[in-house]
Structure formats: C-alpha cells, structure tokens
Amino acid sequence: MKKLILLLLAVSCANHIPTLRSSYELGNVDDFLISNIYVNPVEVDSNERGVHIKYDLIVKNLKNSTRKVDLNRSLIGNQFAVVPLNCQSYENREKAFSVQANATFKIECTATIGKNSVHSGDAKLDVAVSLEKSAAIFRYVVRAEDFK
Amino acid sequence: MKKLITALLLLPSLTFGYTGGDAALSAALIGATAAGAVTGTQYAIYQSLMWKELKGWQNKETGTTTVLESNCSINAEFHLLGDHRENYLLLGIMNPTKDSIIVKYTEVEFVVNGKSNRFPGWRNQPSDREIKSGWWEQNYVPFPSKVEFADYETVEVKIPLQFQETKSTCTVTANFKKTQKIHKEEVSYSIMDLGIEGGPALFQTGPTKKLGKPDSYFGLSFNVFGNANHGAGFTLLSENGFDGSDSSRIQGKFSKGKNYQANSTVFAFNYVYRHFLTNKLTLNYEPAIGWQTIYDSNRDNDNDNGRKEMTTNLVFTQKLMLNWAFAQASTPGVYRYVDFFAGVGIVQIFVPSSSIGGENLDGSRFGALLRIGMGI
C-alpha cells in the first residue's frame with residue numbers, strides 16, 4: 001500500500017509514470033568513494049538533436065596521498081555507439097587535476113546522444129567516468145520516446 | 001531498503017570498447033538497480049536535495065553539503081537539508097561487508113559546536129534498522145530544533161552501528177562546518193495552505209445596509225508563502241440571503257415572488273501577513289482586492305432565466321484570522337508532513353461604489369468566519 005501511495009505521488013508530481021533512468025549508487029572504485037545521488041533519476045532533457053544527459057558525481061579520495069584525476073577519457077555509450085562524456089570538476093572547471101588526500105570533490109558530466117545512434121528503441125548506456133587508473137561505470141537508460 | 005548490486009564488479013571487458021590511451025584503465029561497474037515503486041522515493045530524495053539543501057552549509061569544493069565517509073567497513077554519505085518546519089540529516093549507508101549491520105537510530109547523536117550533545121528530534125519512536133550485506137538504505141534524521149540551528153557553527157554526526165554476527169560495534173561520524181553566517185532560521189508549519197471557511201453575517205455599515213443582512217458566508221482561501229511571514233493567494237467568498245428588505249427600489253429589481261433573495265460572490269487576490277504567536281498558533285492578516293457580483297437567486301428566476309446578474313463592483317476585503325495547527329500527518333514525498341489547522345476570525349467586505357435600481361449600496365459588510373484547512 002505504501003509503495004502504491006509513493007508511486008501515485010510520483011505520478012502526480014511528474015504528470016506521467018516515472019521511468020527510472022539511473023539508480024542510486026554509493027560505491028568504492030580504486031579507493032575513490034563515489035555517490036551519484038545528484039543525478040536526476042527520472043527526468044532527461046531532449047530536443048531534435050538528441051538526448052542531453054547530465055551526470056554529476058560526488059567523489060572522495062580515500063587514500064592518504066595526493067592523486068591525479070584525468071576526466072578526459074570519460075565516455076558514454078553501448079555496443080552500437082560510444083560518444084565522449086564531457087566531464088569537469090565543479091570547483092575549478094578542470095578536466096585534469098590533483099586531489100589532496102581524503103579530499104572530496106564534485107564532477108559534472110554532460111553528453112548528447114544523437115537520435116538513432118545507440119539503438120532503434122530503448123537502450124541501456126554505460127556512463128564511464130575516468131578517474132586515476134580506473135573508471136567508474138554507471139548504467140543509464142534512454143527510452144525510444146526520448147528521441148521523439 | 002533497496003537492493004544494490006552487491007559488489008563492485010571488475011569488468012575485464014566492457015560492453016563497449018574502452019580505449020583509455022597509453023595506460024589501459026581498469027573499470028568498475030558501480031551497479032544497476034531494479035526500478036518499480038522505488039522510483040518515487042528516489043525522485044523525492046533527488047528533489048529534496050535540489051530544493052532543500054541548506055545553503056549556509058555548502059562547501060566550495062562540491063557546492064553541496066555532502067560528506068562522504070568510508071569507515072566501520074561501510075560507505076556512507078550525509079547531507080544537510082531543511083524546510084519550513086525543520087532541518088534534518090539525509091543519510092545514505094551502503095553495506096559492502098559480508099555481515100548484516102544494524103543502524104542504531106535510537107542512539108544517534110549530534111555534537112554541536114564541539115561541546116553540546118543533542119539527540120534527534122524524532123516525531124515518532126525510531127527503530128533500529130538492519131542493512132543486509134550488499135544492500136543500502138537512505139533515511140532522514142531530524143535535528144532537535146530548527147530555531148537553534150542558526151547558532152550552530154559545527155555539527156558532528158554520530159551514527160552507531162552493530163554487526164549482526166560478530167556483535168561488534170562501531171560509530172560512523174561525519175563533520176559539517178557552516179560556511180555562511182545565518183542570522184535567523186525561519187520556522188513555520190506550512191508554505192502552502194488551503195482552507196474552507198464559513199460563518200454568520202455580523203453587521204453592515206453605510207448604504208449597503210439596504211441590501212438587507214445576508215444569512216451567512218461560505219468560501220475558501222488558498223495561500224502560498226514565500227517565507228514564514230509573507231504570502232499571497234486568493235479568496236472566494238459567497239454571501240447568501242440578501243433580501244433587499246430596507247429598500248423597495250431594490251426589491252423591485254428582484255424577481256417577483258414571495259421570497260426575494262439575492263446572493264453575492266466575491267473573488268479577490270490577497271496578500272497575507274502571518275505572525276507566529278507560537279510555532280502552531282498564528283495571527284493572519286489578509287487584505288485583498290477583487291470583484292463582487294450580486295445576482296438574483298430567487299428560485300423561480302433560476303427556473304425561468306437562470307441567475308440574473310444585478311451588479312458587479314470593485315471590492316476590498318480584509319480578514320483577520322487566528323489559526324491553530326492542531327494536527328499533523330506524515331506523508332511520503334518531498335513535503336513529508338501535512339498539517340491540519342482551524343481558525344476563527346472576521347471578514348470585512350468594503351464596497352466603494354455600487355448601486356442597484358439607482359439605490360446607492362456603498363459600504364462595508366462584516367461577518368464571522370470559522371476556517372478549517374490543511375497545509376504542506
């Protein structure tokens with residue numbers, strides 16, 4: 001019953017059945033603690049050019065040493081298409097930077113997925129955000145109706 | 001509590017070709033979760049973060065209040081949120097261990113300004129919660145007083161945990177530091193309220209007396225508050241049972257029959273000033289400008305010709321209401337609570353210029369109101 005009320009509330013707020021696009025994750029990758037809680041889990045911007053995805057992460061360096069982060073190799077896509085994911089730090093708008101020991105920072109990423117580039121219908125995309133020596137990967141769902 | 005892919009899966013090959021330049025990157029899939037009714041909850045939490053994160057506590061590195069911690073072998077994140085009722089902690093805990101953990105919500109503590117211990121301001125009895133291996137949960141922990149939050153400079157949050165099998169205990173801590181001076185925390189029981197109201201007519205002044213004394217008032221009011229004290233909205237008020245008893249010229253304009261009767265409908269846009277006598281008791285002053293339409297509502301006239309408009313005029317109204325928020329119910333979603341309130345007060349309808357059948361009807365009409373409403 002409670003779940004039904006929650007769903008009805010979400011429907012009334014969004015005027016449509018909400019479609020989950022990105023699940024909440026709080027995980028550890030290569031001694032970086034990462035949260036995607038600031039990613040809009042339901043709504044996505046789209047226009048005639050395609051779907052505009054915004055993916056923000058909060059990251060903490062869990063090592064007691066300074067580390068270098070390089071966001072330039074971030075990508076989004078699936079087996080049909082891969083496009084660059086434009087990521088930068090929130091504080092200094094840098095794509096490559098050093099992170100102090102135990103420091104927390106925010107990464108803001110954007111990408112535009114062109115019409116019919118990933119699949120003819122719905123598609124599960126992998127959002128890969130490069131960090132130091134590893135990339136954190138999240139799932140993101142785009143729907144066929146996003147491209148209409 | 002929702003399922004998270006239990007572990008971080010190292011993918012030897014990604015589903016799409018990943019070329020990371022000279023140094024091949026290893027990759028970790030953070031996860032993919034089932035949707036369903038969880039969607040509503042997750043979206044509500046996202047909206048809370050967008051709308052309610054405390055601005056005075058946001059750090060420059062992230063532009064948010066986020067504190068991430070990885071101790072006691074678990075992952076946790078903390079955010080400071082606040083609305084017009086209370087400030088609270090948004091807590092996310094992920095359990096990557098092989099053991100279940102018990103989050104001891106009954107033993108959560110805040111250390112304020114490094115010296116003062118405070119317990120959460122739970123509205124209901126909290127219960128300890130189990131988080132199984134590989135699962136996570138998010139929860140709100142209310143601070144004890146929104147008013148005193150303005151004096152907080154630092155807050156240390158202590159979340160005690162117990163591991164189910166080993167019975168060992170550990171406390172996850174997070175530290176927040178204020179980044180902007182906050183002079184005062186505004187507290188109110190609603191930012192938007194809707195009420196129905198009604199009551200008897202009291203008296204009239206000026207030529208409008210010639211309409212005769214109406215029987216009663218009935219209407220509704222809707223207000224949205226920009227902050228605790230100031231808001232705006234509209235009021236719709238119906239006055240029933242004018243009999244034109246003090247003027248034969250007015251009666252002559254009414255439908256023929258034994259029961260002369262006219263009604264008035266007032267629609268007006270109002271400003272509202274809300275003064276808090278206590279957290280739950282307010283004195284509202286609601287001046288408004290709008291229109292009144294007086295129409296013949298004789299039953300025979302209704303049957304023959306429908307309601308016949310007699311005059312439409314500019315009006316000024318003002319209400320003075322004493323409102324008491326007497327009950328509260330928790331709800332899912334962003335607003336979390338609905339408050340129910342009752343109020344008593346008076347209404348004045350001032351008509352600067354009006355006439356029917358050449359009879360001047362300027363003046364004021366007063367009524368008593370009882371209001372019942374709900375607010376979020």
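**Reading a two-chain predicted model**

Me: Let's start with one residue. Where in chain B does Lys178(B) lie?

Reply: Lys178(B) sits in the loop between E13 and strand E14 (192-205) of chain B. Those labels are DSSP runs, numbered from the N terminus: helices are H or I with at least four residues, and strands are E with at least two.

Me: What should I know about the model itself?

Reply: It's a predicted model, where local features need pLDDT of at least 70 and side-chain atom pairs count only at pLDDT 80 or more, while totals for chains, interfaces and linings use all residues. Residues are numbered from 1 along each chain as its sequence is written, chains are lettered from A and ligands numbered from 1 in the order in which they are written, and side-chain values use heavy atoms, leaving out hydrogens and water.

Me: Back to that lysine. Is Lys178(B) buried or exposed?

Reply: Look at relative accessible area: under 20% is buried, over 50% is exposed, and in between is partly exposed (1.4 Å probe, protein chains only). Lys178(B) has 10% relative accessibility, so it counts as buried.

Me: And which residues is Lys178(B) in contact with?

Reply: Contact means heavy atoms within 4.5 Å. Skip the neighbours within four places in sequence, and Lys178(B) touches Gly56(B), Trp57(B), Phe149(B), Ala150(B), Asp151(B), Tyr152(B) and Glu153(B).

Me: What about Lys106(A): buried or exposed?

Reply: Lys106(A) is in strand E10 of chain A. It counts as buried because its relative accessibility is 9%. Its contacts, again leaving out neighbours within four places, include Asp56(A), Leu57(A), Ile58(A) and Tyr90(A) in chain A.

Me: How many helices and strands does chain B have?

Reply: Chain B comes to three helices and 23 strands. It has 376 residues, and 51% of them count as buried. Take the contacts in chain B with a separation of 6 or more: 66% of them are between residues 24 or more positions apart.

Me: Can I see how sequence and space compare for one pair? How far apart are Ile294(B) and Thr166(B)?

Reply: In sequence they are 128 residues apart, and in space 78 Å, C-alpha to C-alpha. Ile294(B) belongs to strand E18 (residues 281-296) of chain B. Ile294(B) is buried, because its relative accessible area is 0%.

Me: Next, disulfides. How many are there over all chains?

Reply: A disulfide is a pair of cysteine sulfur atoms within 2.5 Å. Searching the whole structure turns up two of them. One joins Cys87(A) to Cys109(A), with S to S at 2.1 Å. This link is right-handed, with 110° about the S-S bond. The pair ties together distant parts of the chain, 22 residues apart: Cys87(A) is in strand E8 (residues 86-89) and Cys109(A) in strand E10 (residues 104-114) of chain A. Both cysteines are buried.

Me: Which residues does the disulfide in chain B join?

Reply: There, Cys72(B) is joined to Cys170(B), S to S 1.8 Å. The link is left-handed, with -75° about the S-S bond. It too links distant parts of the chain, 98 residues apart: Cys72(B) is in the loop between strand E4 (67-71) and strand E5 (74-82), and Cys170(B) is in strand E13 (residues 169-177) of chain B. Cys72(B) is buried at 11% relative accessible area, whereas Cys170(B) is partly exposed at 25%.

Me: How many cavities of 30 Å³ or more does a search find?

Reply: Rolling a probe the size of a water molecule over the atoms shows where empty space is left. On a 1 Å grid over the protein atoms alone, a cavity is a set of points where a 1.4 Å probe fits but cannot get out; a pocket is an open set with protein on both sides within 12 Å along at least five of seven lines; lining residues have an atom within 4 Å of a point. Points join across faces, edges and corners, and volume is the space filled by probe spheres set on them. The search finds one such cavity, and the largest cavity has a volume of about 50 Å³. Its lining includes Tyr24(A), Asn36(A), Gln42(B) and Tyr46(B). H1(B) gives the most, three residues.

Me: And what is the volume of the second largest pocket?

Reply: About 640 Å³. It is lined by 26 residues, and the closest to its centre are Trp51(B), Gly82(B), Asp83(B), His84(B) and Lys146(B). Helix H1 (38-52) and strand E15 (216-225) of chain B are the elements giving two or more residues to the lining.
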